[in-house]
Every structure is written in structure tokens, then in C-alpha cells.
Amino acid sequence: MAKELIKSNEAVVKGALLAGAKCYFGYPITPASEIAQAASYYFPPLGRTFIQAESEVAAIQMCYGAAGAGVRVMTASSGPGISLKQEGVSYSAGSELPVVIIVIMRGGPGLGNIAPEQADYFQVVKNGGHGNYRCMVLAPNCGQEMCDLTIHAFEMADKYRNPVYVLTDGFIGQMMEPVEFPEAMDIDERAKADWALLGDAETKGNIINSIYLDQDELEEHNRKLQRKYARMKAEDVLFEEYRLDDAEIATIGYGIVSRVLKSAVDVCREKGIKVGLLRPITLFPFPEKQVAEIANRVDNILVCELSNGQMVEDVRLVGCRGKAKISFYGRMGGNVPTVDELAEQITKVAEGGDIDG
Amino acid sequence: MAKDILKKPDALYEVYHRKPGEDKKNIHYCPGCGHGVLHKLIAEAISDFGVADRTIMISPVGCSVFVYYYFDTGNIQAAHGRAPAVATGLKRANPDTIVISYQGDGDLAAIGGNNILQAANRGENITVFFVNNAIYGMTGGQMAPTTLVGQKTMTTPYGRSVQNEGYPIKVVELLATLESPAYLERCALTDAKNIAKTRKAVRKAIKCQIDGKGFSLVEVLSACPSGWKLTPVQAKKWITDRMMSYFPLGVTKDVIDEREGYHPEKVKLTGDRIEEILGLKKEKLFRDKSMSEVPEQYRNPQIKVAGFGGQGVLLLGQTLAEAGMRHGWNVSWIPSYGPEMRGGTANCQVHISENDIGAPVVDFPNILIAMNKPSLDKFEPTVQPGGIIFYNTSLIDRKPERDDVETVGLPFTDIGDELGSLRFANMVVVGAIIEKTRLLDEDIVKEAMKEVIHNKKFIPDNIVAIERGMAEAKKLE
Ligand SMILES: Cc1ncc(C[n+]2csc(CCOP(=O)(O)OP(=O)(O)O)c2C)c(N)n1
Ligand code: SF4
């Protein structure tokens, strides 16, 4: 199929529809509104459902219902709305329902602003809701991945019967890039007949539920969930490496930051600094093995984020036993560092200096 | 009490196998509780209509959280108050199902107040059974939004006071103010007569959904002897004596007969048709062009387009990016977005490159398009040596000061105006860029413009604008 120059937020919607998404439930919020708008434009002509819900609280619960009915379903929002969705995400995880949630991060806390931040890593990757659950989190950094990882999110949600987030920042969401779309998938809901409620005699004995009054039963349910998360770690970690082979410094970043880092790596390589980039594509499961291995191999790791330092905690957790010194550089408030700014930080690290980020 | 005992309908399990403990025959509700009676009435209607297989019951949070122990239908458990939203998802995903939301007064009228209001207002084709027992049963007898004035509960130990808690919510009266609901009635589970009326209302509400007539809700005044600290007999009397005077029984809305049944048709499209609707099947003019054919200083350009909101700077950038893509190159486009787009300056940044594009930002453009003076003032110093500045002399009364860049000053706004509208000015710029940089081919740019502009009726004017821009730029040589 021909390439399309398309806004990332719209590529999400087209990707979702090609992946067979049947329902979209959402509530507008900048910088994610284009997703709801594109969904309202494309879902109905395909005979699919778009509803502007009364709130994010309701939108995610509508997703819970539709996922229970066995269809592919999605919602999208940004920080304040994602906070409200936590109730439904926890319930979906508890009831093991496949729901795809797109997050286009903006500045916080509170109302913050609509400029790009990555300050919702804790909330999304570490879970803002209650209970021992995890969600898979995919972090695209370009238009093509906004489409591809949305499709992947539906696949993973079904594979694990679990909520899956696609997490990016306002910058990536607003960007236009060429995207090549795959062919439309034909999804058969009957494949979920062993657990979903398809409204027939065969499936009416199924139950969708997260209440287990008996302590042992609830513990066993939780253990089962943990086994599922362990399987995600074993089977579905995604990451990208760039110029890391002979690197003495490894930078780590995701989303828009990984793009700026890539350019900064090129700038520094021209100056003779041996630096590369590790880009986690799945934030959960986090590429733990790769980070641990790199921490053993390089002298320095520089983590960059549009936050006060959130993902860096995961890097430290698995990288602390390695020989690399781990530094952090962050910007907040919606400021995105320039290529020169990050190149300067890398140079500082190369010269043995400290970063106060 | 014999008259309360109804035969067990098919839609209730014969043996409650999901219920924990030894006793799989009896319900878990307290003696004299209204929930059990209502369960039977609902199950009876589901059985009689023959829809048990396609019914999905939603268990709320409250004493009836275990609705799924009893109903031999599809079952799903919802978060506190969210059953109407969950019902919406279920029903929209599969309109053939019969979706029943069963909720208490805390669930429906307090925490889920907006969810029920909005589901009713959307006219969701679902059936809601609302158990009004004027108290929170499950959590041990706290105040509900329907707790009567003066009623003592665990959280109104001195009695509900109008000053502190206001008056009890009358749900069916409230919802009756909406246009969308089809059927709303309040019943009571007290004596045989009222149970018979409730039975009728339950059947009517489910039938309403089967017939595609839209939203229905039956409020049922129901005893909670445990919460009220009364015997079952006293509790029934309390409903009659105290509740009914504030919550009058009867229909508050019924437009079922005036409504056409609506059954959304199932659409199954081929992959081809889906891709066509998504606009992915268009034939596009593509041509592989090597950057080596482009004058050296304009290869792999980083472009910044800046001006007032409304000058079409975003579309200008998009046209360049779309055209770049159609030459087989990598491109990226990002806007400055948010409040700055409204009235103030707007800018967008475009990369066109043979190589992978890292940072999509453009800090140091080698092509700057400045459509107003603030844009030139702000970005002129950032242009790379050897780059080029296109500036709009209609609105900029100075020349660029840099002597290490090429400059192209044209009255873009005036030319656009002359062509019929200010909105054509951006394509005049595009024409000038084609002529000056030799980066993009004219025919491809025109195709790109057609794709990018929203209002296709302006295509001919914009073609003229592009050609005019080329001609004007040529004249400068
Ligand atoms: C978000 C949330 N808040 C509070 C609770 C605790 N809770 C459980 S049931 C209930 C009230 C139920 O009352 P009602 O809806 O009237 O049902 P009843 O038990 O009387 O049938 C509350 C507050 C909860 N489960 N979830
Ligand atoms: S506490 Fe009240 S509502 Fe709950 S089961 Fe007992 S009587 Fe029924």
C-alpha cells in the first residue's frame, strides 16, 4: 500500500482499525484529541462504534464491557485522563481483559500544560491503579511505530488477556511522518469463546470477574497474573540499539528523547566520542537483560527523559551491579532538549564530568 | 409470607455452583431482603422471553455483587457505580445481547450518578434495575443518596439532615426530565399486589430492550432489614409507611409505544473496502529522486516555516513534506501546537532527508520561511550559513541582516490577495521554493498540494499560486 504522510495520532486510529478494533470510547484532551476526532471520523463508516464518553472514568469502563464482549477495543487520553482511567485499568487487569490504551503525555502535575513530557512513566509503567497488576507498555518514537505498535498492542492484549498501553509524548503524537499501512486484519471474536461473553449458549457460562473473597483463591489468582507478567518478560521485550557495538557511553531514552539522542549520538561520534543509544520499545517488560549487559560493558550510561527521573530508576535497578556510572539528564515543563544540548551532556560524561539533571 | 415465594425460573441456576460454602441452594441475602425477590422476577422474565442465552447480567458493587452466583446467563462484574458504562460497552460491542444492569442506590445514585445519567441520556438500549433500599447494605448501613430525611444510618447517627445532606434523590423523576429514556417506573416489593406490579414492570423493561426501544429503568423500593435494624415484617411496613410517601410509585415516563424499534445492522466489510474508506487505496504520483540532483546547499534540508496563525504556514510545511516523501525521501513535520497556534505565531519544522531522521526538531534551519516580522526577527539568527531565507515583504519592512545566507523577499501576502485570497499566499511561497532551490519537482509538488489542502475546490487557485510563485522568484534573478 502507498505511503501516507499522516499525523501520528491519526496513524494510531488507522492502525487500530486495520487491526480490527470494533469500538472506541474516549474523552477529549489535548494533545490526544486528534485520536478521538479521527476515531469519530473513521469508526462509524466502517460500521464500528465511536462514543464520546462522559469521562475517562466511563470510557475505560466502556472498554471493559466491550472487551468482555470479546471485541477489540481502545481508548486514548493524556495525563489527567489517564489518572481517571486507573480504576478501570485495575479492573481490566484483574478480570484479565484485553484493552488498548493510548497515552499521549503532556506536562504535569495537575493541569500542567499541553506541551510534551514523559512524567507519567511511573503512573503508566508502574501502575497508577490498585493491586498486584502490570500492563504491557509500548513506546513508539515515530509515525510508523504509532501505527505498528498500536496493532502490536491489540495482538499483545489478546495474547495475554491484559491491558496494553501505547505510551508516547505530545511531540510524537503531533508529528507527521510517512507511514506504510499493512492490510486489514480479519478478527474472529469466536476465538475468544473460551472466556468472553459472546451472547450465546456456548459462552454464557463464562464469567468476567475480579472478586475473589477467599484469600487463597485471590492469592492464586495473583500468582497466575504474575506468571503472565513473567511470560511477557521472557517473550515480548522490544528494544532498539544504535551504534552501541564499540560504545564506551550508552545513552538511554524513549519516545521523542530517543530521536534527539540519536542525532546527538551522531554529532558526538563525529567528534570521536564512542557513544550509542539503547531505546526501550517495551517499557514493561523493561529490557532488563540488555541494560544489565550494557552496564557491564560500557563506562557510562546517560539516561535522558522529559521528567524528574522516572525510567532511570528501572535502569539503576538492573544496571547498578554493572561497572557503568549511571547519570541522568532531564527536562520538564514541556521543554524538549535540543540536539546540541544532549550532545553537550554526552561530551560532559565523556570528559568524566558530573551531570546535574 | 407464602405469597412471596415464587417458583425458580430457568434463568436462575438450579444449584448455585459459584456460591462458596456448603449451601448451594439458598441465596446469600439476609432474610426479608428485597434482592432475592427481584432476582426471581428478572429471571422469570428472561426465561419467559427465551433470551437467557443472549442475556448478560452486570453485577454491581453492593450486596448484589454476587448476582453472578444465581443467574444462568452471561455474567460480568463491574466497578462501583460503573455498570451503566460497562453496559454501554457490552451492548455497543454486540447489540444482539440483552444487557441488564442491576444496581443499588449507592452504586447508581451516588458514585455512579453521572454514569447512569449519561447512559440514560444516550438512550442506551439497556435495562436497568435499581434497588432503592435507602441505605448502603454491603458496607454496613451507611447513608445512601436515597436515605430519608431524619433516617438514622451509620453515617447519619443523628438522622439525615436537610442542612447537611440535602433531600433524597428521586431517580425516576430525575431521569424523566430527559428526552432519551423510553420507560421509567417506580415499584415496591411489599405485598402481593406491588410484587405483581413489579413483575409487570420488569417484563416491560426487558421487552423494551428486546424490541430495540431504548433505555429503561425500574426503581424498586426494597427492604434492607439488616441495614434498617428492623424485622422483615417491620421493614415492609417501613417501605409502605415511610418510603412510599417520599418515593411515590408509578410510571414517570413511558414512550415505548411511540418509538420505532431500532436494531443496528451488522456491517461486515472486506479488507479492500476498509482500506478504501481509510483512504489507503489512492494512486499517488511518486518519483525517486536522488539528492545529488539537488544543489548542494539544499540537500537534506531542515526547514522552518513561521508566521501568524491563519497564514497557512502549517499547510505550507505539510505540502513540502508530502512532496519530499513523494520523491522517495524520508520526511518529518512537526507543528508548534497549543495556545501559541491561536492568533499568535505559528511555526512548523520539516526535515527532508535521504537519511534516517533523528530529532524532528529544526533548531538551525537551512531554509527559513518568515511570513511576518516577529518570525524573521526570531529565526534569522538561527539560519545555517549558506542557507536561504524566504521572507514576506508585504508584512516585513526590513531586509534580513545576514550576509552569509541567500535571501528571497517577495510580497507573498499581496500576491495571494491579488490571486483572490490571502489564503493562497502560502502556495506562492511553495512556488518560490521550487524555483529557487530545485529541491522539489513542480508536478509532484502540485500533487502534494492537492492531497494536503482541506478544501479541494481551491485546487485550481492554488495551482495558479504555485506557478505565480515560481514566476516571481524567477524574475528576481
Ligand atoms: C470505589 C469504591 N468505593 C467504595 C466501595 C465500598 N462499597 C462497597 S458496596 C458500597 C455501597 C453499596 O450500597 P448500595 O449500592 O446501596 O447497594 P446495597 O449493598 O445496599 O445493595 C460501597 C460504598 C467500593 N467497593 N468501591
Ligand atoms: S444488608 Fe440489606 S441489602 Fe444487603 S443482603 Fe442484607 S438486607 Fe439485603
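On a 1 Å grid over the protein atoms alone, a pocket is an open set of points where a 1.4 Å probe fits, with protein on both sides within 12 Å along at least five of seven lines, and its lining residues have an atom within 4 Å of a point. This is a predicted model, in which local features need pLDDT of at least 70, side-chain atom pairs count only at pLDDT 80 or more, and totals for chains, interfaces and linings use all residues. Residues are numbered from 1 along each chain as its sequence is written, chains are lettered from A and ligands numbered from 1 in the order in which they are written, and side-chain values use heavy atoms, without hydrogens and water.

**Stop 1: the largest pocket.** Select Gly47(A), Arg92(B), Ala93(B), Pro95(B) and Lys266(B), which lie nearest the centre of the largest pocket among its 47 lining residues. Next, show α3(B), which gives three residues, the largest share of this lining. Helices (H or I, at least four residues) and strands (E, at least two) are DSSP runs, numbered from the N terminus.

**Stop 2: ligand 1.** Around ligand 1 are 16 residues, the closest being Cys63(B), Asp105(B), Gly106(B), Asp107(B) and Gly137(B); a residue counts if one of its heavy atoms lies within 4 Å. Select helix α4 (residues 105–111) of chain B, which gives four residues, the most, to this shell.

Now look at the polar contacts (pairs of N or O atoms within 3.5 Å). An oxygen atom of ligand 1 lies 2.8 Å from a polar backbone atom of Asp107(B). For Gly137(B), a backbone N or O atom is 2.8 Å from a ligand 1 oxygen atom.

Note on methods. A polar contact is a pair of N or O atoms within 3.5 Å; within protein, one must be able to donate a hydrogen and the other to accept it, and residues adjacent in sequence count only if both atoms are side-chain atoms.
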